[in-house]
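Here is a short tour of one protein model. Keep the sequence and the 3D view open as you read.

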Amino acid sequence: MKSALKTIALAAALGLSAISGAAAEPVRVGFAAEPYPPFASPDASGNWEGWEVDFMKAMCAEAKLDCVITALAYDGLIPALTSNKIDMIVASMSITAARQQTIDFSDKYYNTLPAIIGPKDVKFEPTPEGLAGKTLGVQAGSIHQAYADKYFAPAGATIKEYQTQDEAINDLAAGRVDAVQADSIPLSEHVKTEQGACCELKGTVKADPAILGQGVGVGLRKGDTALKDKVNAAIRAIRGNGTYDTFSKKYFDFDLYGE
């Protein structure tokens, strides 16, 4: 009993959110500790909500896992996974060859292309030529940083890295960067907000699967085949039984799963 109480107290102190499932098996799920609407954001009480939270709940319930959200800096998620501080990552992390050298992934659970946003009164294309001479904000450790370093920096763009996507967005609104690259869906949602009214979607970037990956998957430790099998089976099940479509319709009017 004392051990259980200590566990509950520690979870409360760290601001973790527990999602319980039948025949529970505890699994620590790494989320990026920043608002990323409509995928994941903490509400006024500190509880996480959004499409990716709903996905995690459905996936964990199907797999009969007791999943606990552990919020960490995005670039600390993979180190936390490999050092056994968390058991999986559910944080819009793209499946890339570079990351697969360090961790494993589930099958994809959604797919989207990156996009560029910038001020409405400044016209440019989301291309290396269009970004030449401009300062582009990207999140450190993300596929967007890798893409910008490969395509935009050599063409003359200055790449400015941020620990969170919110910081990049704030600097764009303040005029400290000329553009921001991130996933197209959150950026599309952002330009509809009061803060994002200054800006518009300039378009998606040219595809590069070697950097951008093959969709978003659940990050898992190499060799953790039992958990990977459970996660993959659960993803297939919620896609097949309509659960995925049901919670997705609360946020999107299209199939986020993609091709």
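How many cavities of 30 Å³ or more does a search of the whole structure find? The search finds one.

## Ground rules

This is a predicted model: local features need pLDDT of at least 70, side-chain atom pairs count only at pLDDT 80 or more, and totals for chains, interfaces and linings use all residues. Residues are numbered from 1 along each chain as its sequence is written, and side-chain values use heavy atoms, with hydrogens and water left out.

## The cavity

A cavity is a set of points on a 1 Å grid, laid over the protein atoms alone, where a 1.4 Å probe fits but cannot get out. Grid points are joined across faces, edges and corners, and a volume is the space filled by probe spheres set on the points. The largest cavity has a volume of about 210 Å³.

Its lining has 18 residues. A lining residue has an atom within 4 Å of a point. Y36, Y74, A91, S92 and Q139 lie nearest the centre of the cavity. Strand β2 (26-32) and helix α6 (143-152) each supply at least two lining residues. By class, the lining has eight nonpolar, six polar and four charged residues. Here Ala, Val, Leu, Ile, Met, Phe, Trp, Tyr, Cys and Pro count as nonpolar, Asp, Glu, Lys and Arg as charged, and the others, Gly among them, as polar.

## A pocket

A pocket is an open set of points with protein on both sides within 12 Å along at least five of seven lines. The second largest pocket holds about 230 Å³ of space. It is lined by 14 residues, and P37, D166, I169, P186 and H190 are the closest to its centre. Helices α7 (165-173) and α8 (184-190) each give two or more residues to this lining. The lining divides into seven nonpolar, five polar and two charged residues.

The peptide bond from P37 to P38 is cis, with omega near 5°. Most peptide bonds are trans. P38 sits in the loop between β2 and β3 (41-42).

## The chain as a whole

The chain has eleven helices and 13 strands. These are DSSP runs numbered from the N terminus: helices are H or I with at least four residues, strands are E with at least two. Of the 259 residues, 49% are buried. Buried means under 20% relative accessible area, exposed means over 50%, and partly exposed lies in between (1.4 Å probe, protein chains only).

Contact means heavy atoms within 4.5 Å. Take the contacts between residues at least 6 apart in sequence: 72% of them join residues at least 24 apart.

## The nonpolar cores

A nonpolar core is a set of buried Ala, Val, Leu, Ile, Met, Phe, Trp, Tyr and Cys residues joined through side-chain atoms within 4.5 Å. The largest has 35 residues, and W51, F55, M59, M88 and V90 touch the most other members. Elements giving two or more residues to this core include β2, α2 (51-63), β5 (66-72) and α10 (225-240). The largest share, eight residues, comes from α2. Another core lies apart from this one, with 15 residues, among them L131, I143, A179 and L212.

Which residues does M59 touch, not counting those up to four places away in sequence? They are M88, V90, V218, V231, A234, I235 and I238.

D54 is in helix α2 too. Its relative accessible area is 14%, so D54 is buried. Leaving aside neighbours within four places in sequence, D54 is in contact with F247, K250 and Y251.

## Cysteines

The structure holds one disulfide. A disulfide is a pair of cysteine sulfur atoms within 2.5 Å. This one joins C60 to C67, S to S 2.0 Å. The torsion about the S-S bond is about -90°, so the disulfide is left-handed. Both C60 and C67 are buried.

Is C199 buried or exposed? C199 counts as buried because its relative accessibility is 2%. C198 is partly exposed, at 34%.

## Two positive phi angles

Most residues other than glycine have a negative phi. K64 has a positive phi, near 60°. K64 lies in the loop between α2 and β5. N84 has a positive phi as well, near 65°. N84 is in the loop between α3 (77-82) and β6 (88-89). K64 is partly exposed at 45% relative accessibility, and N84 is partly exposed at 44%.
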